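Good morning, and thank you for making time for this presentation. Please look at the sequence and the structure as they come up, and we shall then go through them together.

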Amino acid sequence: MAAITTRAETLLATWEAEAGIVGWLTQVNHKAIATRYFITSIFFFFLAGVSALIMRVQLAQPELSIISPEVYNQLFSTHGTAMMFLFAIPMLEAVGMYLIPLMIGARDMIFPRLNAFGYWVYLIAGLTVWTSLFLGNGPNAAWFNYVPLANSEFTPGLGVDVWTTAITFMEIAALVAAVEMIATIFKLRAPGMSLNRMPILVWSMLVMSFMIIFAMPAVMLASVMLFLDRSVGTGFFDPAMGGDPLLWQHLFWIFGHPEVYIILIPGLGIVSAIVSAFARRGNTAYSLLSASFVAIGFLSFGLWVHHMYTAGLPWMSLSFFEAASMSIAIPSGIAIFSWIATLWGTRPQVKTPLLYVLGFFFVFILGGITGVMVASIPFNHQVHDTYFVVAHFHYVLIGSAVFPLFAGLHFWFPKVSGKLLGEGMGKVAFWLTFIGFNLTFFPMHISGFLGMPRQVYTYRAGLGWENWNLLSTIGAFVMGAGALVTLINILASIRRGEDSVPNPWGAGTLEWAAPSPPPPYNWDELPRVSGRYPLWVDDEHGRLDPDEDHQHILEEDAFPQHPHRRETPGTRLLDSRLERSAILAGASIFPLLAALSIAVAAIGSMLTLWLVPVGVGLAYFSIVGWLWPREEEW
Amino acid sequence: MATATRAGEGMPVFVSGQKSSMWWGIFLLMLIESAVFVGLISSYFYLFANASVWPPDETSTPSLGIPIIYTVALAASGVFALIGNRAITNGDVATMRWWRLAGIASLVVFLLLKAYEYATLDYLWDESAYTSILWVIAGFHSAHVLTVMLKEIPIQILAWKGFFTQERRSAIEGATMYWIFVVSWWFPLFATVYFFPNYV
């Protein structure tokens, strides 16, 4: 025993962050950074939620004037932008950032400083967006910023500039996290964890990351073009100069549609992990399930035009995109049948995580059905830009991201904090959220059918929309109460929750073998795996390991270590055979400095373009400092 | 106690190619930037398809003289970079440094000629959608060339201080990959901006 303590102490000395403010600013550990992402994105989630509540109050009755049309425009634009860019993507990436090294048996991610850099970029971009809203200059041309509305003639002021610069800047964070996840998943898996033994969640994170890499550049390019149109008079989207507003729509939706699936796929991964843990058996049709994620990833790049059915494109291309949009139902169907088959005949204990998963099934399938409806061109022409679309995409997005994330929150909270979340409060919060959600958004289908257009700050009396809108408003507050109870549950459990064992759910994947919460270096002894569910003795059929300490997967001498260097096993892409010792970067202030420098360029460009070269120059020196070889490398 | 052996003994630490973290970082960066280049070229042709005359009436077709010269300089810089990379693979730091310096010089030629070309154009970006996309493509690609050049400065300093060895060369390998990437993307861009309006 003494030997193991010594080993743990050595590891801790190597991997622990410095104490104090310096240690906080230079922190690079994947769990610490991911936790910051969690807290920040939950904060932005609540701000965006409050924006929605204010809008719902304004719409509760016809012709109210609680807020002005200008404020309403800023609120719904910021609400959409924040929920997508400042909540959903960062939160899901943070789930990957926290869990991937634990699920694949690594000590950290492959570029630890890049994680820190991404977080600072995200924080600065998010604060910029919200500050601009509080100063009355928030984005105000909807989250998709269609030109000509969004050009400088029709929307003067800083709002759209905040959007274009903050989004371009923000996407840097999304992209570096994607790079980080792909390289980590490919090259740092535990010996024995060949590609076909990765947890399903890791597959979903891999697909999401590739989608981010191919989708985000389109929106960055589009927002830079829009920024230039607005600031220096280029003519990309100006018909008088030979430009075309439709170019904006194409570039935006080439990003915007995959974006929806970027949010969906990790949600499917979370659901798969929870279903398998509660069924106590492996995911049925593992290969088909992971292949369906890959298929959704590919298909999602071929159907952006279904957002543009009413834009007057040729029928031939519309028909192609209609067929592609409907085909997405096939891989989604495979995933749903896989979960049903996994749960079939088992007697799962319906605890809060599973409850949210069951809620997800209901909401997501309803959203999927309206999805097939709006994919059909004639139907789409009827409901385009009405509340029916608002209902549809809230069912899809809240269904695919928020329900799985709440499920994941309850599922992995013990791993992150070492405490169990309160079951009673969890269930109350679930029912409030679930009932509130349906009460808010189901009536919107009907107000949409009745012709209510989206993105309007008020409506006339006598159109038959009053009661449906009132229902939506009541529902929104019920849902808000659910979120509040969840937040209270989190805070209460951190303070005086029940301590958790390493594997409270009896799940089969590797992260449950690490202590709860895991030490900075994750593993005293590094794992070596020989199956998809290494914690279960009878692998595929999920009988629980009789000796709960999982010693059979942890090998003390599998990987010789330098005592004072941050090392983790580097393995081959396909079969995960040991090929090297990967040295990981340690704490550094430069990621923060690089993020600040690029912020000077990106945010500063709104004030004067001269700040762009200044910021880029500063960024150059920060990056050189960041990459400069550490002393022990000489 | 588990004796903590030096990692170098059991497992290689200095690796190259797909084994190294650097390779994957640069490779994925290349994918991201390729998506941007594809977006730029697609936008160019989208605007072309919308126009009745291309380039628009008041704008002259781009001339080929200077661009051909700097394209040769850029291609040469890529070759020099590769020769330098070959030298460090054999552990020859001095040869590596000289070839990379020659590469930097070629990049300077590229950038100066490019700056001259755009400074003497009779239109700016705010003339038409055509001039907008032209300037943005030139600016975006030239920024990459500048980045390649700036990346070489710390490499030269580190080489001069004796950091690089045959084993410890993954930084040079990564910089070379990126260099060749930036050179390679110029050819489709050249075909789009210069060849296409002149000959198609």
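Predicted model: local features only at pLDDT ≥ 70, side-chain atom pairs only at ≥ 80, totals over all residues.

How many bridges join strand 5 of chain A to strand 6 of chain A, and do these strands run parallel or antiparallel? Five bridges join them, and the strands, residues 567–571 and residues 578–583 of chain A, run antiparallel. Within this pairing, E567(A) has I583(A) of strand 6 opposite it. The two strands form a hairpin, with six residues between them. In the turn, S576(A) has a positive phi of about 60°.

For the complex, the predictor gives an ipTM of 0.93 and a pTM of 0.94. Chain B has a mean pLDDT of 91, with 95% of its residues at 70 or more. Residues 1–9 of chain B call for caution, as pLDDT stays under 50 there. For that stretch the model has 23 contacts beyond four places in sequence.

I turn now to the contact between the chains. Chain A contributes 47 residues and chain B contributes 39 residues. On the side of chain A that touches chain B, the elements giving two or more residues are helix 1, helix 6, helix 7, helix 8, strand 5, strand 6 and helix 18 of chain A.

Next, the domains of chain A. The domain assignment gives domain 1, covering 2–12 and 22–506, and domain 2, covering 589–629. Their C-alpha centres lie 29 Å apart. Where the two domains meet, 16 residues come from domain 1 of chain A and 12 residues from domain 2 of chain A. On the domain 1 side, helix 2, helix 5 and helix 6 of chain A each supply at least two residues. Helix 5 of chain A gives the most to that side, with seven residues. The residues on the domain 1 side divide into 10 nonpolar, four polar and two charged.

Finally, some details of the backbone. Most residues other than glycine have a negative phi, and most peptide bonds are trans. Which peptide bond in chain A is cis? The bond from V147(A) to P148(A) is cis, with omega near 5°. P148(A) is placed in the loop between helix 5 and helix 6 of chain A. In chain B, W54(B) and P55(B) are joined by a cis peptide bond, with omega of about -10°. P55(B) is found in the loop between helix 2 and helix 3 of chain B. Lastly, A285(A) is not a glycine, yet its phi is positive, at about 55°. A285(A) is located in the loop between helix 8 and helix 9 of chain A.

Thank you for your attention.

Conventions. Residues numbered from 1 in each chain as written. Chains lettered and ligands numbered in written order. pLDDT = per-residue confidence, 0-100. Contact = placed C-beta atoms within 7 Å. Pairing = 2+ DSSP bridges. Helix = DSSP H or I, 4+ residues; strand = E, 2+ residues; numbered from the N terminus. Domains from an automatic or database assignment. Nonpolar A, V, L, I, M, F, W, Y, C, P; charged D, E, K, R; others polar.
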